Amino acid sequence: MTTVSISDLKANLSRYIRKVRRGGEVQVLDRGTPVARLAPPAATGDGLRQTLIRTGLLRPGKGKAAAILDEAPIQLPASLSDALMEDRADRL
């Protein structure tokens with residue numbers, strides 16, 4: 001989320017409106033205190049999906065996801081928790 005002062009918002013309103021139109025949000029500050037937030041109108045259902053696709057935040061899938069659920073789970077040679085602990089060992 002972008003943060004902007006009221007004076008900067010007034011001077012560059014078109015730029016911030018473009019940002020919101022693309023799906024972003026702008027928080028407006030008055031002397032360092034948040035007083036407003038500009039956000040796109042809430043979309044629901046298929047409208048939200050289409051908005052996310054149009055803005056490039058979502059790529060529609062290809063194929064049937066249900067087929068994945070019919071497959072057996074992947075068998076790994078080690079447990080995920082052991083692999084995670086080994087990866088984080090240098091940070092402890």
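# A guided tour of the chain

Among contacts in the chain between residues at least 6 apart in sequence, those that join residues at least 24 apart make up 26%. The model on display is a predicted one.

**Step 1: the whole chain.** Display the chain as a cartoon. Five helices and three strands make up its secondary structure. Followed along the sequence, these elements are arranged in the pattern β-α-α-β-β-α-α-α. The C-alpha trace spans about 60 × 40 × 15 Å along its principal axes. The chain has a radius of gyration of 22 Å, whereas a compact globule of 92 residues would have one near 12 Å.

**Step 2: the surface.** Of the 92 residues, 8% count as buried.

**Step 3: the nonpolar core.** Which residues form the largest nonpolar core? Select Val4, Leu9, Tyr16, Val20, Val26 and Val28, the six residues of this core. Helix α2 (13–21) and strand β2 (26–30) are the elements that give two or more residues to it. Keep Leu9 selected and examine its surroundings. Beyond residues up to four places away in sequence, Leu9 touches Val4, Tyr16, Val28 and Leu38.

**Step 4: Pro40.** Move to the loop between β3 (33–38) and α3 (45–55), where Pro40 is found. Is Pro40 buried or partly exposed? Its relative accessible area is 33%, and therefore Pro40 counts as partly exposed, since buried means under 20% and exposed means over 50%. Which residues does Pro40 contact, apart from its neighbours within four places in sequence? Select Val20, Gly23 and Gly24 to display these contacts. The C-alpha atoms of Pro40 and Val4 are separated by 17 Å, and the two residues are 36 residues apart along the chain.

**Step 5: Asp87.** Finally, select helix α5 (residues 80–88), in which Asp87 has its place. Asp87 has a relative accessibility of 46%, so this residue is counted as partly exposed.

Terms used: Residues are numbered from 1 along each chain as its sequence is written. This is a predicted model: local features need pLDDT of at least 70, side-chain atom pairs count only at pLDDT 80 or more; totals for chains, interfaces and linings use all residues. Side-chain values use heavy atoms; hydrogens and water are left out. Helices (H or I, at least four residues) and strands (E, at least two) are DSSP runs, numbered from the N terminus. The radius of gyration is taken over C-alpha atoms; the globule rule is 2.2 Å times the number of residues to the power 0.38. Buried means under 20% relative accessible area, exposed over 50%, partly exposed in between (1.4 Å probe, protein chains only). Contact means heavy atoms within 4.5 Å. A nonpolar core is a set of buried Ala, Val, Leu, Ile, Met, Phe, Trp, Tyr and Cys residues joined through side-chain atoms within 4.5 Å.
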